[in-house]
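User: I have a structure open and want to go through it with you. Can we start with the loops and move on from there?

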Amino acid sequence: MFIIYAMILVYYLFAVNTFAFILYGLDKSYARKNKRRIPEATLLFLAWIGGSIGAFLGMHIFRHKTQKRKFSIPVPALAVLEVIICIFCLYQNYYLVTTEYQADLGLENDITIVQVSDLHNQFFGPGQSFLLSEIEKQNPDIIVVTGDAVDLTHTSYGIAKDFFAGAVKIAPVYYITGNHEVYLKGEKLDKFFAELEDLGVVRLDDTYIDAGEFILAGIGDASLDDFDAYGAFPEDKPVILLGHEPQYIELYQSLGADLVLTGHYHGGQIIIPGVGGLISPEWELFPDFYEGIRVYDGMSVVLSRGLGNSAAPVRINNYPEIVVIKVT
Ligand SMILES: [Fe+2]
């Protein structure tokens with residue numbers, strides 16, 4: 001239900017501010033034409049219930065009620081408060097942080113992996129420049145994208161493609177699909193995959209490559225519940241596995257993975273200090289594992305908080321995250 005409440009809140013704020021703006025304009029025109037007016041209590045009420053920005057804009061654009069103290073003091077004050085809350089939410093949802101982990105796989109040559117997860121075609125500057133510049137600073141050997149690059153509810157293949165087009169200029173890019181790509185299946189998604197292939201992005205859905213010192217493998221989200229795509233890996237090499245969802249620990253162990261990179265949980269959307277992430281996509285409240293790195297019988301699992309949002313458009317205390325893994 002949380003996701004539904006968050007969606008309703010955003011749409012509500014948009015609607016009530018638009019409505020307030022229109023009503024202030026209408027009341028001004030009624031005043032000029034000596035028509036029956038909209039009660040002042042109604043106009044003020046709209047400002048108090050979240051429409052203060054629309055009311056403030058209506059007052060100043062239509063030059064209406066600006067001389068009346070019962071409007072000129074509370075409406076701007078409420079609008080400032082609402083703007084502060086909006087800036088706070090934008091900051092929480094667009095300020096990029098980088099988290100670094102270490103994983104010892106016994107490699108002779110250390111590598112740096114940048115993991116990008118759950119982009120959900122979120123916009124991080126023109127051509128995704130803010131995101132790409134942060135990634136470039138890490139000087140990665142490879143970039144892995146662990147699913148949900150595109151979002152089902154506000155799909156933009158163009159924004160997602162901008163990211164891939166820039167990322168391939170930084171390092172080789174490997175990608176697996178998440179549950180959102182599974183939902184989106186169809187002609188447009190196939191075209192998107194073809195465009196990524198043209199860019200040089202390697203899709204590792206249910207396949208793997210021998211990267212020299214290690215195996216880099218992936219599981220497409222559609223296969224997680226019934227996976228039998230490939231047999232055993234070469235035994236003498238460590239396996240880095242990309243899997244969108246963190247809860248398939250037994251499957252990942254059965255494949256002999258040494259390091260698994262996952263996402264999907266979005267850090268639980270809201271992280272409450274001392275308590276943890278609020279909710280998982282599986283509707284579990286305060287899931288035990290919502291971010292970070294854990295070791296399960298020698299297999300390390302990284303859970304990225306990801307970058308974007310889906311139907312729930314709000315992150316709080318849960319900044320969009322670029323994960324960097326130093327593999328030694
Ligand atoms: Fe996601």
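User: Where is Asp206 found?

Analyst: Asp206 sits in the loop between strand 5 (202-203) and strand 6 (207-210). This is a predicted model, and in it the phi of Asp206 is near 60°, a positive value in a residue other than glycine.

User: Why does that get a mention?

Analyst: Because most residues other than glycine have a negative phi.

User: How does Asp206 count, buried or exposed or in between?

Analyst: Asp206 has 17 C-beta neighbours inside 10 Å, so it counts as partly exposed.

User: And His264, what is its phi?

Analyst: Positive, about 80°, although His264 is not a glycine. His264 lies in the loop between strand 9 and strand 10 (271-272). With 24 C-beta neighbours inside 10 Å, His264 counts as buried; the cut-off for buried is 20 or more.

User: Which strand does strand 9 pair with?

Analyst: Strand 9 (residues 259-262) pairs with strand 13 in the parallel sense, over 4 bridges. Thr262 stands opposite Leu303 in strand 13.

User: What about strand 12 and strand 13, parallel or antiparallel?

Analyst: Antiparallel: strand 12 (residues 292-296) is joined to strand 13 by 5 bridges.

User: How many residues of strand 13 are buried?

Analyst: 4 of the 5 residues in strand 13 (residues 299-303) are buried, so the strand is largely enclosed by the rest of the structure.

User: How does strand 5 join strand 4?

Analyst: Strand 4 (residues 173-176) and strand 5 run parallel and are joined by 2 bridges. Tyr175 has Arg203 in strand 5 as its bridge partner.

User: Which residues touch the most other members of the largest nonpolar core?

Analyst: Tyr175 is one of them, together with Ile143, Val173, Leu204, Leu216 and Leu241. That core has 54 residues.

User: What is Ile143 in contact with?

Analyst: Leaving aside neighbours within four places in sequence, Ile143 is in contact with Val114, Val116, Ile135, Ala167, Ile170, Ala171 and Val173. Another core, of 14 residues, lies apart from the largest one, and its residues include Ala20, Tyr24, Leu43 and Phe71.

User: OK, domains. How is the protein divided?

Analyst: Into domain 1 (2-92) and domain 2 (98-327). The C-alpha centres of the two domains lie 41 Å apart.

User: And helix 4, how many residues does it have?

Analyst: Helix 4 (residues 74-94) has 21 residues and reaches 30 Å from its first C-alpha to its last, close to the 30 Å expected at 1.5 Å a residue. Its buried residues are Val75, Leu78, Ala79 and Glu82. Seen down the axis of helix 4, those buried residues fall within an arc of 100°, so they line one face of the helix.

User: What do the buried residues of helix 4 pack against?

Analyst: Helix 2 (40-61) and helix 3 (69-72).

User: Which residues are exposed on the other side of helix 4?

Analyst: Leu81, Ile84, Ile87, Phe88 and Tyr91 are exposed there.

Note on methods:
Residues numbered from 1 in each chain as written. Predicted model: local features only at pLDDT ≥ 70, side-chain atom pairs only at ≥ 80, totals over all residues. Domains from an automatic or database assignment. Expected span 1.5 Å × (residues − 1). Buried ≥ 20, exposed ≤ 12 C-beta atoms within 10 Å, placed from the backbone. Arc of directions from axis to C-beta. Contact = placed C-beta atoms within 7 Å. Pairing = 2+ DSSP bridges. Core = buried A, V, L, I, M, F, W, Y, C linked by C-beta atoms within 7 Å.
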